[in-house]
Amino acid sequence: MKNKPYPFYEPPIMNDLKHLLNRQAAEHPDETAFVYPCETGEMKKSYLDFQEDVNALGAWMYHKKIKDKHVAIIGENSYEWLVAYFATVLGGNVAVAIDKNLPEEEVVDLAKMGDVEVAFATNTYFEKINKKAAKKCYNLKECDDYMSEGRQFLKDGETDFLNYEIIPEKTATILFTSGTSGVSKGVELTNHNIAYEIVHTSMLFEPKGGVLAVLPFHHAFGLVVGILMVVNYGKPIYINKSLKYVKKEMAEFGPQTMFLVPMFVEFFHKQIWAEIAKRGATQAFKGLMKSTDLLLKTGVDVRKKTYGSIQKVFGGNLEYIICGGAALDPMYVKEFRTWGIEILNGYGATECSPVTAVNRPHFRKDGSVGHLVPGLEAKATEDGELCFKGEIVMKGYYKNEEATAEALQDGWYHTGDLGYVDEDNFIFLTGRKKNLIILSNGENISPEELEQNILRDNAVEEVLVYDENGKIVAEIYPSEDHRDDVQYFEKLKNKVNKGRPMYKQIATIKLRNEEFIKNATMKIVRYKNIPGAAPANNSDK
């Protein structure tokens, strides 16, 4: 199919998360919903199993007087995490998702910020939060016991949980912003926000097979996009518990779609090229790729046969990677396409539930972050800041009227990102408003532009560009085989600077021996890594 506009998909309609779960259990009771590792191997749960587990835990929560409460859920991705989330939201409680990797004091602070009264944690993190994050803390290791008791309560006629009617505009979830440039804030999303997001974003893309879920559930992209949208389409989800097993699970599960952040794409890309270089076949492989691209232009597709070894790394069935959370160099998109895997770049913010745009399988623009979600309005202000308006925009920041008033103006959410909307409703980013380097000569420089060029070099694992005393500095975390290779990076600096105006040239390269501090979506936290930088009022998305 040619790359051109085509009709939107028609996803299943859902009004709220209770409607979603009940519809799937009724229409696809025996279809696999989740597959996940357990002590005895792998466990499979159907959509009917999932509904029954959620209802059982919900009944248990109601019996424990957990009603109209703010309930924290903390821990690694797991089936029990999702059961606790659904049971919380479907009973009218507010699910407060907290990053398990934060220091203990920050977990406690966020729990207090979110007025948490009850907390669920996976066994790994239970001691970290027990009696600290909430008055009542429950270990999800005991989830089977809770559900067993809940089933008995249902049999005994305790059906208040089942009979609870969702209030669409009531806060369902509080998700904390990633905080790459300042203190995190609690984003309030309603059932209506989430339902509208799921249905309308699914009009741009639909999975045709299984999905491997690797992004953290406490983050909007990992939860709403990586789980809830897939559930709405009734496709099986393999839950990855630890990133060290991703390669093994891709091979075993063979996903058709994966939702990733750029760090994963960049890692896989470098691993593939490193293997090719090890065989001494870099130049020959580049020539093969050029031939493949020329054949594609004539309508001849030899990718599956030619790049079977690369596709095998991803399980052999991977067709699409939906990538969001940070900017991705179009170079990765083009090379993965040559190998037979389409990367569909997307864009959004927790405050927008989270997706505002995504490229479509057969209508995409390399370099863009996607086509605007149907039903959403977008504009750029006079100074180039992107703004969105629509039913996916958050209710506000929890108990933070000042920050809410700054972010939401006349119903428009101000992203802090610089960019524009083209004539086909595709979004293009040009930088981050608060990251702009403003030199003494009045010139503005977007550090992301330089970072993207530097990251193309395989010797660079991570990079951060910033201003230091009026000079542009590129701080680099090198790959293992180029640590302390000052001469190599001086040459790289000259290569990047070539053809650029003087004010856009890198003055200094700094090498570091450890990774940069990152947030939940593996985005570098600028204010924690740049010398002398102070947190901004608004956090990056």
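The largest nonpolar core has 123 residues, and among these L17, F34, L57 and Y85 touch the most other members. A nonpolar core is a set of buried Ala, Val, Leu, Ile, Met, Phe, Trp, Tyr and Cys residues joined through side-chain atoms within 4.5 Å. Buried means under 20% relative accessible area, exposed means over 50%, and partly exposed lies in between (1.4 Å probe, protein chains only). The model is a predicted one, in which local features need pLDDT of at least 70 and side-chain atom pairs count only at pLDDT 80 or more, while totals for chains, interfaces and linings use all residues. Residues are numbered from 1 along each chain as its sequence is written, and side-chain values use heavy atoms, with hydrogens and water left out.

Apart from neighbours within four places in sequence, L57 is in contact (heavy atoms within 4.5 Å) with V83, A84, A87, C143, Y146 and M147. A second, separate core of 20 residues includes A72, V107, A121 and A134. In soluble globular proteins, nonpolar side chains tend to be buried together.

The aromatic rings are considered next. Rings of Phe, Tyr and Trp (its six-membered ring) pair if their centres lie within 6.5 Å; planes under 30 degrees apart count as stacked, over 60 as edge-to-face and the rest as tilted. By this rule there are 29 aromatic pairs. F34 and Y79 form an edge-to-face pair, because their ring centres are 5.8 Å apart and their planes lie at 65°. This pair joins distant parts of the chain, with F34 in strand 1 (residues 32–38) and Y79 in helix 3 (residues 79–90), 45 residues apart. Both F34 and Y79 are buried. Another edge-to-face pair is formed by F50 and F86. It also links distant parts of the chain: F50 belongs to helix 2 (residues 47–63) and F86 to helix 3, 36 residues apart. F50 counts as buried because its relative accessibility is 0%, and F86 counts as buried because its value is 1%. The two pairs are set out below.

| Pair | Centre to centre | Angle between planes |
|---|---|---|
| F34 and Y79 | 5.8 Å | 65° |
| F50 and F86 | 5.1 Å | 75° |

Ring pairs link F34, Y36, F50, Y79, W81, Y85, F86 and F217 into a cluster.

Charges also meet rings. A charge sits over a ring if NZ of Lys or CZ of Arg is within 6 Å of the ring centre and within 35 degrees of the ring normal. K18 lies over the face of F161, 5.6 Å from the ring centre, and K379 lies over the face of W412, at 4.5 Å.

K433 is located in the loop between strand 21 (427–432) and strand 22 (437–438). Its relative accessibility is 33%, so K433 counts as partly exposed. Leaving aside neighbours within four places in sequence, K433 is in contact with D383, E385, G416, D417 and L418.

For the whole protein, the secondary structure comes to 19 helices and 26 strands. Helices (H or I, at least four residues) and strands (E, at least two) are DSSP runs, numbered from the N terminus. The radius of gyration is 24 Å, close to the 24 Å that the globule rule gives for 541 residues, so the protein is as compact as a globular protein of that length. This radius is taken over C-alpha atoms, and the globule rule is 2.2 Å times the number of residues to the power 0.38. Buried residues make up 57% of the 541 residues.
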